[in-house]
Amino acid sequence: MQVEEKLSFYRSAYADLSIMLNKLQIEICQEQENGGKVSVDLLNDVQYNLPETLTTLQKSIKHYEEAYVRVQKKRKALLEMIKDNENVNYEQDEEYLTLAKELVKTEAGIEAALEPYLSYSEDEG
């Protein structure tokens with residue numbers, strides 16, 4: 001998957017998780033209003049785990065977008081140098097490699113944050 005596709009997927013997953021959290025909050029309120037009991041695990045997920053995941057995910061997606069922009073700018077600058085017949089190999093440029101590693105690391109963090117969502121989606125699908 002290309003970075004743009006991943007960003008689209010991450011944004012979509014964030015939106016889906018937000019909707020899921022809102023639905024769960026409504027269901028819990030309705031259940032409690034009707035005198036029903038709600039499991040402690042579900043309450044923990046709705047009150048703490050999902051909001052924390054959403055916050056982490058939102059920050060990570062923003063960081064991923066910013067890292068991607070930096071990588072693209074650096075790559076474009078290096079390609080311009082190459083066009084100007086300078087002896088440049090962007091695959092050996094330290095700044096480019098550092099930026100690319102940051103992008104991969106951020107992506108791994110997003111994937112880890114989405115793991116429960118991805119597992120749930122696979123179980124449902």
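So, the buried side of α1: the residues there that count as buried, meaning under 20% relative accessible area with a 1.4 Å probe and protein chains only (over 50% is exposed, in between is partly exposed), are V3, K6, L7, Y10, A13, L17, L21, L24 and I28. Before I go on, this is a predicted model, where local features need pLDDT of at least 70 and side-chain atom pairs count only at pLDDT 80 or more, while totals for chains, interfaces and linings use all residues. Residues are numbered from 1 along each chain as its sequence is written, and side-chain values use heavy atoms, with hydrogens and water left out.

Okay, α1 itself. It has 31 residues and spans 45 Å from first C-alpha to last, close to the expected 45 Å; that expectation is 1.5 Å times one less than the number of residues. Just after α1 comes G35, with a positive phi of about 80 degrees.

Zooming out, the chain has three helices and zero strands, running α-α-α from the N terminus. Those are DSSP runs, numbered from the N terminus: H or I of at least four residues for helices, E of at least two for strands.

Now, what holds the most contacts inside the largest nonpolar core? That core has 26 residues, and the ones with the most contacts inside it are L17, L57, Y64, L103, I110 and L114. By nonpolar core I mean buried Ala, Val, Leu, Ile, Met, Phe, Trp, Tyr and Cys residues joined through side-chain atoms within 4.5 Å. Each of α1 (3–33), α2 (40–83) and α3 (94–124) supplies at least two residues of this core, and the largest share, ten residues, comes from α2.

Take L57 from that list. Leaving aside neighbours within four places in sequence, L57 is in contact (heavy atoms within 4.5 Å) with Y14, L17, I110, A113 and L114.

Another one to click on is A67, which is found in α2. Is A67 buried or exposed? A67 counts as buried because its relative accessibility is 1%. Again skipping neighbours within four places, A67 is in contact with E102 and L103. A67 and V104 sit 37 residues apart in sequence, and their C-alphas are 9.4 Å apart in space.

Last, the whole-chain numbers. Of the 125 residues, 27% count as buried. Among contacts between residues at least 6 apart in sequence, 68% join residues at least 24 apart. The accessible surface, by Shrake-Rupley with a 1.4 Å probe and, for residues, only the protein chains shown as cover, comes to about 8800 Å², and 50% of that belongs to carbon and sulfur atoms.
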